[in-house]
Amino acid sequence: MAIEEKKKVWVIGHKNPDTDSICSAIAYAYLKNRTDEERYEPRRAGELNEETKYVLECFGIPVPGLVTDVGAQVKDIEIRRTPGVSGKISLKRAWEMMKELNVVTLPITDSQNLLEGIIITQDIATSYMDVYDNTILSRSKTQYKNIIDTLEGKLLCGNEHAYFVNGKVLVGSANPESMEEFIDDDDLAITGNRYDAQLCAIEANAGCLIIAGEEKVSKTIIKIAKERGCTLITTPYDTYTTARLINQSMPIRYFMRKDNLVTFELEEYIDDVRDIMSKERHRDFPILDEEGRYVGMISRRNLLNMRKKQLILVDHNEKSQAVDGIAGADILEIIDHHRIGSLETMSPVFFRNQPLGCTGTIIYQMFREQNIEIPKNIAGLLCSAILSDTLMYRSPTCTPLDQAAAEELAVIAGINTEQHAKAMFRAGSDFDTKSPEEIFYQDFKMFSQNGIDFGVGQISAMTQEELDNVKEKLIPYLPQAMADRKASMIFVMLTNIMEETTYLICGGDGAEQLVETTWHVKKTGGYHVLRGIVSRKKQLIPAFMAAMQEE
């Protein structure tokens, strides 16, 4: 299979992405493309915070595309490219196409490839078996071209692109005197090779005359037919066969199904499609693109051959933090620096997890291990990720390896770590124009322990004034956040980077009691003050987990 035909692999971080999550995804996708086939693309599972936006802009990196659900979609399965057909074609031609394509459904489309309807083999069989009156050919507005093709006929005079729209179909088997009594203007008459019957039909103002079983027709008949405006067709079939076949010339538009069609779009998720299919008796379903144009057909059988989205996860390994639909995706690798979480995979994967302060440090090591040169902009991203996750080396999660990597990356990127970190944090703590929701979710993760789901957000700032303003915005929002995330408890770490202190606010039954039991502090000024606590991963979460296990 050619490289361009291979499915893209998305490198993606956790929901509510932070700077490490985004920068590591971009850097690792770059590394994979240098060491493997170029089919790796960075993605994000949520909106960027201001700090991350600043970093990407600083190093001229485009924002990765947003992915909110990685469940299998219609576009991930094999779509049968059955061509759309015109509603003008005959029933006979439709039947022949179904046999040629080995399908039971034909989509009917217009000149813009918009779906007009579908026709299935049952519809064609029904058209053959039902008893119609002798005006059905005109009521269905049958084109003369269809009649000629169906009867393998030859046009002697008239316009094959014209339509038979008035009158009835009759067989001129009686003597001419009798025929005059039942032929009306614009009728379609089928006759044999009798000159007198042919002349009678034309003089009775028939709109069309089909001469069966005869290829040679009198020049006089042709001349009179032209003068009278009568379409003249010959067919090699006998009169009986011609009368039997002629209804197969009717256009499929007259018989197609066009109301309450069950269609799917390329972006629809397979779980939803499967539910709808289970309630329908149809075998095939049309697929439309985002503009409503016909793409192809799928059936229940196609759902068995899904190509799941392929992912590499960075900076997380817990299902609660992963993008929606993760259970329906194919995880190839996990690169992380957090505790081992609840995420399960269907098959063994490459899993690299190190007790470092940042995923970016691990990816820096992988560049060095594989002797791949780190470009200036990628070095800037990885350095920013480390500075952000370690709070400029102040976090207890920071190791000597993190600091050494950040300083080397800073040299490559041409930046001063302290100046760059302060600029990042200032950008991230600009809360004045943000809504409580935007502030709350800029760095938020869900956890579970002993059947209790709880969420922890973290907001870092350079000054206490900024944190006090944030507190006033967030406290009224906590009940809404709990409801949205179905969390029993919610905690927000308001971390003063310069003081290396977290001012904790919380909501939910038992939340304050958990804080006070864990840290032996009382609430003051609307906060629980946790001095020396700046890391959610290494300090807050492990302490909460231990306290909840004891309970």
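Predicted model: local features only at pLDDT ≥ 70, side-chain atom pairs only at ≥ 80, totals over all residues.
Author: Residues are numbered from 1 along each chain as its sequence is written, and side-chain values use heavy atoms, with hydrogens and water left out.

Reader: What makes strand E3 and strand E18 edge strands?
Author: The open sheet has six strands in the order E3-E2-E1-E16-E17-E18, with parallel pairing. E3 (65–66) and E18 (350–353) each pair on one side only. Strands here are DSSP runs of E with at least two residues, helices are runs of H or I with at least four, and both are numbered from the N terminus.

Reader: Why are the buried residues of helix H4 said to line one face?
Author: In H4 (residues 121–129) the buried residues are Asp-123, Ile-124 and Ser-127. Seen down the axis of H4, they fall within an arc of 100 degrees, so they line one face of the helix. The arc is taken from the directions from the helix axis to the C-beta atoms. Buried means under 20% relative accessible area, exposed over 50% and partly exposed in between, with a 1.4 Å probe and protein chains only. The face of H4 turned away from the buried side carries the exposed residues Gln-122 and Met-129.

Reader: Why is the pair of Phe-440 and Tyr-441 called edge-to-face?
Author: Rings of Phe, Tyr and Trp (its six-membered ring) pair if their centres lie within 6.5 Å; planes under 30 degrees apart count as stacked, over 60 as edge-to-face and the rest as tilted. Phe-440 and Tyr-441 are 4.9 Å apart centre to centre, with 85 degrees between the planes, so the pair is edge-to-face.

Reader: Why is the pair of Phe-491 and Phe-544 called tilted?
Author: The ring centres of Phe-491 and Phe-544 are 4.7 Å apart and the planes stand at 40 degrees, so the pair is tilted.

Reader: How do you know that Phe-544 is buried?
Author: Phe-544 has 0% relative accessibility, so Phe-544 counts as buried.

How values were computed: Pairing = 2+ DSSP bridges.
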